[in-house]
Amino acid sequence: MVSSSHETLHRIFQEDPGLFVRAVKGVGITFADPVAAVPFPTDLTENRPVERRVDTLLRLETGDGARFLLAVESQGKPDSDKPASWAYYLSHLHAKYRLPPLLLVVCADRRTAGWASRHVDIGPAQWPSLTVRPLVLGPDSLPVINSPDEAARDIPLTVLSAAVHRRDPDAGAILKALATALKDLSADDENTASKFIELTEQGLGTTPAANLWRQIMAADLSFFQSQTAQSLRAEGRAVGRAEDILLLLGDRGVEVSEEARERIVGCQDLGVLGVWFRRAITATSAAEVFGVSDDG
């Protein structure tokens, strides 16, 4: 199942193809800046009952006259079947378009990035006929962008940095810098700012950083009037009210099961949360908060 956080790690390159050049500088690879980028179909299926689909595929033309295909894969965990699929992608793209293909794998955790960085030989040990060498971006190769000025200079790279570092202690600093940069951007281009807000939320997945991002949006981007931001502000208020309920019950010594905790935290209806909060003031059990008596 494709997750929203998976989507951000490759979709961001569709929004700004030049991000590829800036991002891979961290691993010591230099490309000229793109002067043109054309999205290509991602479906690599042939006339047989096997579907093969790359996440993002772009044809890039750079300032020094180079032309190549950039295939971006978002990888969430090691997968022993992937190198064979990647070899197929690269061979198929080269045969179909007669352009040199480059595979970029983006990982949000160090273990997966380390696994993806391996060179995989295909063929006999004496003479492998094909070697798969992905170019990998992960937490150790992408910079931590925690300065608002630096974030404003390259918002797409900061969004990618936030997604890749979402489990790191630096995640909060990146998100605060990004929020400041987006606030300035929205004054001139609200639609673009909205797009990057949504990509950031998707890229953070279900990590604690995602809750922090919603709270930042609710508190710091009240000026932002788009539907996305309004939704985020509502979610931020809901998260805050849920935390108030849990804190109140904890202070009163009321035991809250994991199931009840998930129900409270997962509720996005401010009206319902308000009712639960008022009940939590006197409730002696989580069941009473939900309006269920302890005896049935």
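Okay, let's start with one serine: S161 sits in helix 6. Keep in mind that this is a predicted model. So is S161 buried or exposed? It's buried, because its relative accessible area is 0%, and the cut-off for buried is under 20%. If you skip the neighbours within four places in sequence, S161 touches P143, V144, I145 and I174.

Now, the helix around that serine. Helix 6 covers residues 155-164, and it packs against helix 8, residues 190-204, at an angle of about 20°, with the two axes 8 Å apart. Anything under 35 degrees counts as roughly parallel, so that's what we call helix 6 and helix 8. Their crossing is right-handed.

Which residues meet there? From helix 6 you've got I155, P156, V159, A162 and A163, and from helix 8 it's F196, L199, T200, G203 and L204. Sort the residues of that contact by type and you get 8 nonpolar, 2 polar and no charged.

Okay, on to the cores. The largest nonpolar core has 47 residues, and the ones with the most contacts inside it are F13, F20, L104, L160 and W213. Helix 7, residues 171-188, gives the most to this core, with 8 residues. As a general point, nonpolar side chains in soluble globular proteins tend to be buried together.

That's it from me, thanks.

Definitions and conventions. Residues numbered from 1 in each chain as written. Predicted model: local features only at pLDDT ≥ 70, side-chain atom pairs only at ≥ 80, totals over all residues. Heavy atoms only, no water. Axes fitted to C-alpha atoms, helices over the stretch in contact; angles between N-to-C directions. Helix = DSSP H or I, 4+ residues; strand = E, 2+ residues; numbered from the N terminus. Parallel < 35°, antiparallel > 145°, perpendicular 65-115°, else oblique. Left-handed = near helix turned anticlockwise from the far one by under 90°. Contact = heavy atoms within 4.5 Å. Nonpolar A, V, L, I, M, F, W, Y, C, P; charged D, E, K, R; others polar. Core = buried A, V, L, I, M, F, W, Y, C linked by side-chain atoms within 4.5 Å. Buried < 20%, exposed > 50% of the residue type's maximum accessible area, 1.4 Å probe, protein only.
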